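The sequence and the model are shown first.

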Amino acid sequence: MKFGLGLGVCALCAAFCHPANAQGTGEGPVRGTLNLNPPGMTLHLADRYHLLPNDVDSSADNVAAPDTDAYDSHDAKDGAGKGEVRPPKITDVPPWEVSGMCEAGKLDSKACRFHWWPALREQTQYLLIETGWNLATNTHVYDATTHGHWFQNWINSVDGFKFSRWNDANPISDDYVGHPMMGAITMYIFIQNYPRGMSIEAQNTKEYWHSRLWGLLWSTIYSTEWKLGPISEASFGNTGRTTYFDKNAGKKTNGTGTVGLVVTPLGGWVWTLGEDFVDLHLIRAADAKTTNPLFLFVMGFANPCRSFANLMRFKAPWYRDSRPVRPHRTWPTFTDALASP
């Protein structure tokens, strides 16, 4: 869509002004340039699950095992024996460990389900942004929406949709760039609310493809709503209600066609896979070498749809569920705490 670049730049700039939202708490892979042992840090229940291979010195004999008695009856479920612990809550676990722990059964099964309310809230925010942009920047959309019987105009627009025609007479940049970007943003909104796939980076595994295919279904439903639903181009702008001669297309059209219904989800799926690849092989290596928020902000343009989806959950554009990206904060590991006096 035409609103993408302008609105995206404004939104990214707004997020850049609040770098404190850069990354959630938790521990993760250690980077040598960061101080990972600040004093006075208290560990949580989930820390006992977080001994990563690169965090533990295998040659050390003086690292004591965590005291299992520290997690007995007060952390256990009612009726559980001494030393038994309930699975940690998802809020106790760093986001980059969530998908793996869900797959291994170390998190409560309810916590690993799709988060419907946050996803619907973020998707609604995005839908309102798109609709508001069309109303604010397109005189035809505003006039068609504010004149006549709104409900009847919407029904007539849906009835006039041309499913038998591919081209909808929109510019090529809208159909084959803007719409795939819209589909990719929608897919990332699904993925970031799907614990079983949120922290999986690009890889040829069942879990990765499963999460991206569910995201494709979510994007397909949204693209149908955007074209025909109660908050759509049909209801706000009445696309499909009247036929007119389009000078650019050189023929009569009512502005409808199946291109948007198909290209938005499928093109968005391909775009998402591309951004995943770029994030793994380019952005990951770059953000491991810097804590400069300006540089992290600029790198967000290499993953524009993921960055925009992050804004829908009020996170900085460089936020990642798959790894810590820390321009200002440092976090201890379990091993660091054991080694400290």
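How many helices and strands does the secondary structure of the protein come to? It comes to eleven helices and two strands, where helices (H or I, at least four residues) and strands (E, at least two) are DSSP runs numbered from the N terminus. The model is predicted, so local features need pLDDT of at least 70 and side-chain atom pairs count only at pLDDT 80 or more, while totals for chains, interfaces and linings use all residues. Residues are numbered from 1 along each chain as its sequence is written, and side-chain values use heavy atoms, with hydrogens and water left out.

## Overall layout

Along the sequence, the order of elements is α-α-α-α-α-α-α-β-β-α-α-α-α. The protein has 341 residues, of which 46% count as buried; buried means under 20% relative accessible area, exposed over 50%, and partly exposed in between, with a 1.4 Å probe and protein chains only. Contact means heavy atoms within 4.5 Å. Among the contacts in the protein with a separation of 6 or more, 77% are accounted for by residues 24 or more positions apart.

## Helix 2

Helix 2 covers residues 95-104, and seven of its ten residues are buried, so it is largely enclosed by the rest of the structure. The buried residues are P95, W96, E97, V98, S99, M101 and C102. Just after helix 2, G105 takes a positive phi of about 75 degrees.

## Helix pairs

Two helix pairs are described here. Axes are lines fitted to C-alpha atoms, for helices over the stretch in contact, and angles run from 0 to 180 degrees between N-to-C directions. Angles under 35 degrees count as roughly parallel, over 145 as roughly antiparallel, 65 to 115 as roughly perpendicular and the rest as oblique.

The axes of helix 3 (residues 116-137) and helix 4 (residues 139-146) come within 5 Å and cross at roughly 100 degrees. Helix 3 is therefore roughly perpendicular to helix 4. On the helix 3 side the contact is made by N134, L135 and T137, and on the helix 4 side by T139, V141, Y142 and T145. By class, this contact of helix 3 with helix 4 has three nonpolar, four polar and no charged residues. For these classes, Ala, Val, Leu, Ile, Met, Phe, Trp, Tyr, Cys and Pro count as nonpolar, Asp, Glu, Lys and Arg as charged, and the others, Gly among them, as polar.

For helix 6 (residues 172-191) and helix 7 (residues 206-228), the axes come within 8 Å and cross at roughly 125 degrees. The two helices are therefore oblique to each other. Helix 6 contributes H179, M182, G183, T186, M187, F190 and I191, which meet S211, R212, W214, G215, L216, W218, S219, Y222, W226 and K227 of helix 7. The contact of helix 6 with helix 7 has nine nonpolar, six polar and two charged residues.

## Single residues

| Residue | Relative accessible area | Class |
|---|---|---|
| N310 | 1% | buried |
| N238 | 5% | buried |
| A169 | 15% | buried |
| R284 | 30% | partly exposed |
| T124 | 39% | partly exposed |

N310 is found in helix 10 (residues 304-312). Its side chain is joined to that of R313 by a polar contact of 2.8 Å; a polar contact is a pair of N or O atoms within 3.5 Å, where within protein one must be able to donate a hydrogen and the other to accept it, and residues adjacent in sequence count only if both atoms are side-chain atoms. Leaving aside neighbours within four places in sequence, N310 is in contact with Q192, K315, A316, P317, Y319 and R320.

Two of the listed residues lie in loops. A169 is found in the loop between helix 5 (150-159) and helix 6, and its phi is near 70 degrees, a positive value in a residue other than glycine. N238 lies in the loop between helix 7 and strand 1 (244-246). N238 is not a glycine either, yet has a positive phi of about 55 degrees.

R284 belongs to helix 8 (residues 259-287). T124 lies in helix 3. T124 and I231 are 107 residues apart in sequence and 9.8 Å apart in space, C-alpha to C-alpha.
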